[in-house]
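The following is a reading guide to a structure of two chains.

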Amino acid sequence: MEPTPARNMAETPWQRFVRNFFGSRIATAGFVLLALIVLAAIFAPVISPQNPYDLAKLDVMDSRLEPGQASVDGSMTYLLGTDDQGRDMLSAILYGIRISVMVGVLSTVIALSLGLTLGLLAGYAGGRIEAFIMRVADIQLSFPPILIALILLALTGRGIDKIVIALVAVQWAYYARTTRSAALVERKKEYIEAATALGLSPLRIMFRHLLPNCLPPLIVVAALQVASAISLEATLSFLGLGLPITEPSLGLLIANGFQYLLSGKYWISVFPGIALLATVVTINLVADQLRDVLNPRLQTQ
Amino acid sequence: MLAFIIRRILQSLVVLLVMSLLVFVGVHAIGNPVDVLISPDADQIERAKVIVAFGLDKPLWLQYFIFLKNAAGGDLGRSFAYSTPALALIFERMPATLELSSAAILLSVVLGLPLGLLAGLRPNGLVGKTIMAVSILGFSLPTFWVGLMLIMVFAVQLGWLPTSGRGETQMLFGVPVSFLSWDGLRHLLMPAFNLALFNIALVIRLTRSGAQEALMQDYVKFARAKGLRNSRIIGVHVLKNILIPIVTVVALQFGSIIAFSIVTETVFAWPGMGKLIIDSIRVLDRPVIVAYLLLIVTIFILINLVVDMLYSVLDPRVRLAESKG
């Protein structure tokens, strides 16, 4: 793969990025599948055969039906079976993906903004501020994420806001560290010196000059973190610590089917599990490819 | 050197104190344990009695100081649910967790090393590629879901292994253990494998890159030139040289494994401390929650402290950077 110079000249950085990204067949497949999953999550209320949380629509007579069976009144076919309340699993999964992806993305965006600001501050200001922020981040990173989340959720109880807070608390330190190390490198470069000499305000230098140049590694970390946030949320919800039963994410659906799994009714747990897996694995595939494409050291000259 | 150690110990104490305050105040913010403890039929006098008995009538700061004073003496309160000392309850469950965690560490080395060597020796072969693909799954699959699938396949469908519990235990030096009986081993296998999964993947990665690096070294070429058998070169010369970093990393993972056993114990109903904390959170058994969180935070702080001190002994640069920052 040797791009001709002429083609390189005409190409914008964005075009080169797109061409590099879709150069890998696995990454392309991952991207397409992920796009489908995200679309399914966004349009869940439109494409679901049933509103799984409208109790009036559920029929207890239909409970624990195997995949492919029709409802008792013959009005619909349950492609992926039903749970113990007669809820269509396909619809429950689509809504579950919606909640899981939302929690994962929301917590990552909040943690990214928080960690990025603190990391930039640490990298730009240095001194005591840097020492304090990085010490707190170090101490936090010495504990496994699940323990931090467990401590917070044991203290605050269940709820969508609480799990987002717990996931933000788990993640911010990664961004703070990545941003700071990138900022330390960038700070010494001449364009920052030039900006300082021009008399620009520190805030402007931090966010308009330093930040854009620190972004590539952050994008990769954030993409990977969305997957681990979704996975961690599912784990916590499975343990009964995450989301309340009124907002069932994939983890809660899996937990719900666990007791029936033992009696051979596999579909209540297995299908949400596959949905969770597909989401996490495709995000990882896309993130890995992003890392390869954005890492200047790996780029072909 | 001494100054560094003293500063690290002081820092650890501060973290512990902050954690204890956080945990104690936080636990008081959720729900009222009186509602959980006392049946709704109890009259006012009975309620008042229980409240006084658990010291819940005193102001929060006073409860915290009483708690700190008692904690210093090893008393972290009595469990609301079992009415036994919380710390004793946790220590009673601890052997099960330690057994499971040790078995997981053992499995990760026993399975990870040979697989990693295989992948390192044939990085471009089908075997090597398959092993690496599986190790990626080990990193990215949610542990609890793999546990469910193990139960579904090996316990429900095939019926080879029991679904949950610890099985028959035998006393070894006054501690109940599972691994001495066939029944206990059968119960131990699946949860230990599930808990080990992440670390198996980790050991495979480390061994593979270690082996690939070692194979290019002169001593391997020399051994080949001497005409040693391949199995001896790999099994003795290469393995000896790559083992130290692997053992270090695996030992460092012990704390994480204990933390992660919360998930595995819940899936396999393994009666360790992880299951205890989840059950305690469900019934709002405050003293047990507080005692568990403080205990596990202490374990982690100790592990980190020891690691930091070892590093500073081994690598003077750590000390120097520290005294500057």
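The paragraphs below take up confidence, then each chain, then the contacts between them.

The model is predicted. It scores ipTM 0.76 and pTM 0.80. For chain B the average pLDDT is 79, and 86% of the residues score at least 70.

Chain A has twelve helices and two strands. Read from the N terminus, its elements run α-α-α-α-β-β-α-α-α-α-α-α-α-α. Of the 301 residues in chain A, 45% are buried. Contacts in chain A between residues at least 6 apart in sequence can be sorted by separation: 69% of them join residues at least 24 apart.

Just after H9(A) comes Gly199(A), with a positive phi of about 80°.

The next helix, H10(A), spans residues 202-238. Where does H10(A) kink? A kink of about 55° lies at Leu211(A), shortly before the proline Pro212(A). H10(A) has 37 residues, and at 1.5 Å a residue a straight helix would reach 54 Å. The end C-alpha atoms of H10(A) are only 45 Å apart, short of that value. Just after H10(A), Gly240(A) has a positive phi of about 85°.

Chain B has 14 helices and two strands. Its 325 residues include 36% that are buried. Among contacts in chain B with a separation of 6 or more, residues 24 or more positions apart account for 69%.

Leu189(B) sits in helix H8 of chain B, which covers residues 182-215. Leu189(B) counts as partly exposed because it has 18 C-beta neighbours inside 10 Å. From Leu189(B) to Val52(B) the separation is 137 residues in sequence and 46 Å in space, C-alpha to C-alpha.

The other position is Ala269(B), in the loop between helix H11 (254-268) and helix H12 (273-282) of chain B. Is Ala269(B) buried or exposed? Ala269(B) counts as exposed, because it has 12 C-beta neighbours inside 10 Å. Its backbone can be examined too: phi of Ala269(B) is near 50°, a positive value in a residue other than glycine. Most residues other than glycine have a negative phi.

The remaining topic is how the chains meet. In chain A, 33 residues are in contact with 31 residues of chain B. On the chain A side, the elements that give two or more residues are helix H6 (127-141), helix H7 (145-156), helix H10 (202-238), helix H11 (250-261) and helix H12 (267-294). By residue type, the side of chain A that touches chain B divides into 23 nonpolar, ten polar and no charged residues.

The largest nonpolar core has 159 residues. Those with the most contacts inside this core are Ala149(A), Tyr292(B) and Leu293(B). Leaving aside neighbours within four places in sequence, Leu293(B) is in contact with Ile151(A), Ala154(A) and Val23(B).

Technical notes
Residues numbered from 1 in each chain as written. Chains lettered and ligands numbered in written order. Predicted model: local features only at pLDDT ≥ 70, side-chain atom pairs only at ≥ 80, totals over all residues. Helix = DSSP H or I, 4+ residues; strand = E, 2+ residues; numbered from the N terminus. Buried ≥ 20, exposed ≤ 12 C-beta atoms within 10 Å, placed from the backbone. Contact = placed C-beta atoms within 7 Å. Nonpolar A, V, L, I, M, F, W, Y, C, P; charged D, E, K, R; others polar. Expected span 1.5 Å × (residues − 1). Bend = angle between axes of the 7 residues up to and from the residue. pLDDT = per-residue confidence, 0-100. Core = buried A, V, L, I, M, F, W, Y, C linked by C-beta atoms within 7 Å.
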